[in-house]
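Open the model in your viewer and keep the sequence panel beside it. The stops below say what to select and what to look for.

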Amino acid sequence: MATDDLMTRALEALGDDGPLSVEAIHRLTDVPDPPETMTIAEVADLLDLSPHTLRYYERAGLVEVARDGNGHRVYDAEAVRRLVFLTRMRLSGMPMRDLQHYVSLADAGDHTVPERLDVLVEHRDTIRRRIRELTLSLAAVEYKIATYGGATGPDVHVPGTTTGTDRTALPDEPRPSERPRQALSATPR
């Protein structure tokens, strides 16, 4: 399953007004007690990932998978736990190169814990910045919706209004009463 699909499932599990927490991700990716060994099809079904994604993670060096006498992949519990971790980190938006670096540190041993912490702190800071950027982008879109008389979200305040839904002109366009009447055009305002 693609990261976008997993995120969609996590958001659906929360509902529109559910509290945002890592618990939604845990509910989607927790594996109580995986069997001692599993086939690629069983792991794909368990984690709702495609076999292609599992092979990709293996080729990228993120997970080691043993082979049976016939050359088929055999996933042990440790590999499944690693895949659960990888799924959670991909869901958080961690790039593959950072995951590869993190996994190489984890595989090197406990002496790399401070470096792993640095990777996670840096990723957290990147997520926080992305949230701020998206919040600013949402505010700009909500503001523009208000200029056309549309209703904004309940948590949005449009400057110059008391309700957040009154029409207000952007600084670079005339106020609604000053706009010349014209036919709709394909050019966005």
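**Before selecting anything**

This is a predicted model, in which local features need pLDDT of at least 70 and side-chain atom pairs count only at pLDDT 80 or more, while totals for chains, interfaces and linings use all residues. Residues are numbered from 1 along each chain as its sequence is written, and side-chain values use heavy atoms, with hydrogens and water left out.

**Stop 1: the whole chain**

Show the chain as a cartoon. The protein chain has seven helices and three strands; here helices (H or I, at least four residues) and strands (E, at least two) are DSSP runs numbered from the N terminus. Read from the N terminus, the order is α-α-β-α-α-β-β-α-α-α. Of the 189 residues, 33% count as buried. Buried stands for under 20% relative accessible area, exposed for over 50%, and partly exposed for what lies in between (1.4 Å probe, protein chains only). The areas themselves come from the Shrake-Rupley method with a 1.4 Å probe, and for residues only the protein chains shown count as cover.

**Stop 2: the nonpolar core**

Select V43, L54, L62, Y75 and L83. Among the 26 residues of the largest nonpolar core, these five touch the most other members. Such a core is a set of buried Ala, Val, Leu, Ile, Met, Phe, Trp, Tyr and Cys residues joined through side-chain atoms within 4.5 Å. Now colour α3 (40-47), α4 (51-59), α5 (77-91) and α6 (96-108): each of them supplies at least two residues of the core. Which helix gives the largest share of this core? It is α5, with six residues.

Stay with L54, in helix α4. L54 counts as buried because its relative accessibility is 0%. Draw a distance from L54 to L83: the two are 29 residues apart in sequence, and their C-alpha atoms are 8.2 Å apart in space.

**Stop 3: salt bridges**

The structure holds six salt bridges, each a side-chain nitrogen of Lys or Arg within 4 Å of a carboxyl oxygen of Asp or Glu.

Select R73 and E58. Their side chains meet in a salt bridge at 2.5 Å, N to O. R73 is in strand β3 (residues 73-76) and E58 in helix α4, so the pair ties together parts 15 residues apart in sequence. R73 is partly exposed at 21% relative accessible area, whereas E58 is buried at 18%.

Next, select R82 and D107, which form a salt bridge with the closest N and O atoms 2.7 Å apart. R82 belongs to helix α5 and D107 to helix α6, so this pair joins parts 25 residues apart in sequence. D107 is partly exposed, at 48% relative accessibility.

Then go to R97 and D98, where the closest N and O atoms of the salt bridge are 4.0 Å apart. Is R97 buried or exposed? R97 is exposed, with a relative accessible area of 60%, while D98 is partly exposed at 25%.

**Stop 4: a charged patch**

Switch to a surface view and select E36, E64, D76 and E78, which gather in a patch of negative charge. Patches are made of residues with over 30% relative accessible area and no salt bridge; like charges are joined within 9 Å, nonpolar side chains (Val, Leu, Ile, Met, Phe, Trp, Tyr) within 5 Å. E36 sits in the loop between α2 (22-29) and β1 (37-38), and counts as exposed because its relative accessibility is 70%.

Definitions and conventions. Lys, Arg positive; Asp, Glu negative; His and termini not counted. Charge placed at Lys NZ, Arg CZ, Asp CG, Glu CD.
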